[in-house]
Amino acid sequence: MELKLNIYDGNEIEKTYTSNDFRLMTGTCEDILKLVNIDSFNGKLDDESAMFEIVKIVIGAFQQFNPMMKQIFDGLTDDEYRRTDIKEVATVVLNVVKYTFKELFNVASKN
């Protein structure tokens, strides 16, 4: 899974972080599950309402995603994180949430 996060200087993209080999750590998974109410997605993670729910979560817990973003994007600084676009952060979070749930469902279906 490729994840991308742009760092802005005004309206210009100053730097782009990408991550192709993100490994979801247990602590990150726990943090996500504490913030995300899976029932609010009605079983759908790929529609507009799911993105809206993620945006609400990101806005309400923006600073809580800072450590996760630093884990995903090696080298990301606090200053750079402050210069990201909220929609792009929400997209990364949505993709991580989808990945988390898919991984958990894969484990559950094998047992």
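## Ground rules

Here, a residue counts as buried under 20% relative accessible area and exposed over 50%, with partly exposed in between (1.4 Å probe, protein chains only). Lys-15, at 36% relative accessibility, is therefore partly exposed.

This is a predicted model, in which local features need pLDDT of at least 70 and side-chain atom pairs count only at pLDDT 80 or more, while totals for chains, interfaces and linings use all residues. Residues are numbered from 1 along each chain as its sequence is written, and side-chain values use heavy atoms, with hydrogens and water left out.

Let's start with two strands. Helices (H or I, at least four residues) and strands (E, at least two) are DSSP runs, numbered from the N terminus. Strand S1 (residues 3–9) and strand S2 (residues 12–19) run antiparallel, joined by seven bridges; two strands pair if DSSP finds at least two bridges between them.

As for S1, five of its seven residues are buried, so the rest of the structure largely encloses it.

## The core

A nonpolar core is a set of buried Ala, Val, Leu, Ile, Met, Phe, Trp, Tyr and Cys residues joined through side-chain atoms within 4.5 Å. The largest one here has 20 residues, and Met-69, Ile-72, Phe-73 and Leu-76 have the most contacts inside it. S1, helix H3 (66–72) and helix H5 (86–110) are the elements giving two or more residues to this core, with H5 supplying the largest share, six residues.

Take Met-69: setting aside neighbours within four places in sequence, Met-69 is in contact with Leu-5, Leu-76, Tyr-81, Val-89 and Val-92. Contact means heavy atoms within 4.5 Å.

## Charged links

Now for the salt bridges, each a side-chain nitrogen of Lys or Arg within 4 Å of a carboxyl oxygen of Asp or Glu. The count comes to four. One of them joins Glu-14 to Arg-83, with the closest N and O atoms 2.9 Å apart. Glu-14 is in strand S2 and Arg-83 in the loop between helix H4 (78–81) and H5, so this pair ties together parts 69 residues apart in sequence. Arg-83 also forms a salt bridge with Asp-79, at 3.1 Å between the closest N and O atoms, and Glu-14, Asp-79 and Arg-83 are linked in a network.

Lys-15 meets Glu-80 in another salt bridge (3.2 Å, N to O). Since Glu-80 lies in helix H4 and Lys-15 in strand S2, the pair ties together parts 65 residues apart in sequence. Glu-80 is buried, with a relative accessible area of 8%.
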